[in-house]
Amino acid sequence: MSARPMEPPAGGLIPRPERTPESLRLALARVAPHRLGEMETQKNEAFALAAEHNNLGPIRQWLTIWAGEVEIERRPDVAARRRNAEHAVHGLAKDDPAWRAAMDELLAVVN
């Protein structure tokens with residue numbers, strides 16, 4: 001475990017967790033427990049790929065993805081922005097200018 005103190009919430013429901021599988025799992029359990037199964041499935045896939053290819057890349061990618069997911073979920077304002085953008089993306093025709101605006105918003109949230 002790192003000696004680095006956890007960052008204060010700064011608008012989040014919980015402090016930003018360390019970027020380790022266990023810290024991310026514990027944080028997700030607090031802010032979005034309904035997503036734990038998805039996280040576990042993707043972790044198992046990443047570890048299997050890493051073992052198969054003798055490469056840590058899939059594990060690093062999994063950590064990056066889920067650190068981002070926890071970051072979004074720990075911030076209710078950001079999570080709401082994502083939900084609204086996803087709803088618009090799935091509900092609008094791709095030729096509707098509002099669809100492009102919703103996609104831009106979704107990308108901004110994820111980035």
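Which residues of α3 are buried? In this predicted model, the buried residues of α3 are Pro58, Ile59, Trp62, Leu63, Trp66, Glu69, Val70, Ile72 and Glu73. Helix α3 itself runs over residues 57–73. Its 17 residues should span 24 Å at 1.5 Å a residue, and this agrees with the end C-alpha atoms, which are 24 Å apart.

The packing of α3 with α4 was examined next. Two packed helices are described by the angle between their axes and the distance between the axes. For α3 and α4 (residues 76–91), the axes come within 6 Å and cross at roughly 105°. Because angles of 65 to 115 degrees count as roughly perpendicular, α3 is described as roughly perpendicular to α4. On the α3 side, the contact is made by Glu69, Ile72 and Glu73; on the α4 side, Val78, Ala79 and Arg82 take part. By class, this contact has three nonpolar residues, three charged residues and no polar residues.

Helix α2 covers residues 36–53. It has 18 residues and reaches 26 Å from its first C-alpha to its last, close to the 26 Å expected at 1.5 Å a residue. The buried residues of α2 are Met39, Ala46 and Ala50. Seen down the helix axis, these buried residues fall within an arc of 35°, so they line one face of α2. They pack against α1 (21–31) and α3. The face of α2 turned away from the buried side carries Ala51 and Glu52, both exposed. Just after α2, Asn54 takes a positive phi of about 50°.

Glu38 also has its place in α2. With a relative accessibility of 36%, Glu38 counts as partly exposed, because that class lies between the buried limit of 20% and the exposed limit of 50%. Glu38 and Glu86 are 48 residues apart along the chain, and their C-alpha atoms are separated by 18 Å.

How values were computed. Residues numbered from 1 in each chain as written. Predicted model: local features only at pLDDT ≥ 70, side-chain atom pairs only at ≥ 80, totals over all residues. Heavy atoms only, no water. Helix = DSSP H or I, 4+ residues; strand = E, 2+ residues; numbered from the N terminus. Buried < 20%, exposed > 50% of the residue type's maximum accessible area, 1.4 Å probe, protein only. Axes fitted to C-alpha atoms, helices over the stretch in contact; angles between N-to-C directions. Parallel < 35°, antiparallel > 145°, perpendicular 65-115°, else oblique. Contact = heavy atoms within 4.5 Å. Nonpolar A, V, L, I, M, F, W, Y, C, P; charged D, E, K, R; others polar. Expected span 1.5 Å × (residues − 1). Arc of directions from axis to C-beta.
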